[in-house]
Amino acid sequence: MQQAVNSQVKKSGGITDMDEHSLRQVLLARYYLHLANEQMKSESESAKFAAINLFHEALETTLFTCAAHLNAKVSERGGIENYIDGINAKIDGKELPLRRRILQFNKARVSAKHHLTLPEDNFFSIIRTTVPEFIQEAVNLTFCKDFYAVSLAELIEDSEVGSYISQAQADFSSGKYYDCLAEVRKAFYVQFEKQYDVRKFEDPEKAKARGLLSEFSICRAPYHAKNPEYIRDRVSRPSDFIVFDHSALGSELMREGIDVQTFWNIWRLTPGVYHEEDGQWTVEYDFDLADDQQIRENCIYVLEPDSKVSQA
């Protein structure tokens, strides 16, 4: 959903204490952590080298972002230790945790990068928990925000779309992964699907009373779907009322700079929803999505599509 979110981000900057640049940097750090953890699943040496450098990228990005936000005094060639000291001087008597472990990690990273020497496996287990914990606390102390709750939703101009993405983030944090997917789909529906809704053509008399010509011009569904016969034969559940005109949709995605494959991945990985005329949402239950062992990873993907998950 992030590419769609990007098209709605306010140009004037953020609406919270975390400005847009800082927010994007924190999201980048979170993506580095995701990639590092993916590499840690492999036993190969190459993956371990990649993981330790990705953890460092996440750490460095976070320190740079926090220091810049706090106007911390750090020399131009300041290393990790100098950034920690500079940030500590700005956070009112508090200090970043795990200093010794982080400095040990940095030494291990230097050895890995410049001397091709990996740390022991047990140290990798420490890295995997220490670096994310440090980063989470650095963001919390600097911005008073939960690292995993930071979202571009805070910058979305459309408040309705933003509210669904924010709820999706909350559901993800609570481990309610199916609800997270459904909330993302609601945002997706509002931004893309509702303009392809053919339900208004289910009853010709009602459509005529509401002004058939105006309904035809507003609805972007293909012509052949705008009739009761199509609806009677093809619609078996509420989400079937959404009938895409693939040519019009492709043009819209191109105009907004949204990758077509990403669009359909999000559509595939989220349950069908429909906004009823009374304002209530119908959320269809998809057993395949709910029972998918990768549901947590699917949530990460639909919230931040740049985080790769396996493509079906």
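In which kind of crossing, left-handed or right-handed, does α7 pass α8?

## The model and its confidence

This is a predicted model, in which local features need pLDDT of at least 70 and side-chain atom pairs count only at pLDDT 80 or more, while totals for chains, interfaces and linings use all residues. Residues are numbered from 1 along each chain as its sequence is written, and side-chain values use heavy atoms, with hydrogens and water left out.

The pLDDT is the predictor's confidence in each residue, on a scale from 0 to 100; its mean for the protein is 85, and 85% of the residues reach 70 or more. Over residues 5-16 the pLDDT is below 50, and this stretch has 28 contacts in the model beyond near neighbours in sequence, where contact means heavy atoms within 4.5 Å. Residues 306-312 also have pLDDT below 50, with 17 contacts beyond near neighbours in sequence.

## Overall make-up

The protein has 15 helices and two strands, which are DSSP runs numbered from the N terminus (helices: H or I, at least four residues; strands: E, at least two). Of its 312 residues, 49% are buried, where buried means under 20% relative accessible area, exposed over 50% and partly exposed in between, with a 1.4 Å probe and protein chains only.

## The pair α7 and α8

Helix α7 (residues 159-173) and helix α8 (residues 177-191) pack at an angle of about 165°, with their axes 8 Å apart; axes are lines fitted to C-alpha atoms, for helices over the stretch in contact, and angles run from 0 to 180 degrees between N-to-C directions. The two helices are therefore roughly antiparallel to each other, a term for angles over 145 degrees, whereas those under 35 count as roughly parallel, 65 to 115 as roughly perpendicular and the rest as oblique.

As for the opening question, α7 passes α8 in a left-handed crossing, meaning that the near helix is turned anticlockwise from the far one by less than a right angle. Among the residues making the contact are Tyr164 and Phe172 of α7 and Val184 and Lys186 of α8.

## Two buried residues

Ala182 is found in helix α8 and, at 5% relative accessibility, counts as buried. Not counting residues up to four places away in sequence, Ala182 touches Pro271, Val273 and Val283.

Asn88 lies in helix α4 (residues 80-88) and is buried too, with a relative accessible area of 17%. Leaving aside neighbours within four places in sequence, Asn88 is in contact with Lys94, Glu95, Leu96 and Arg99.
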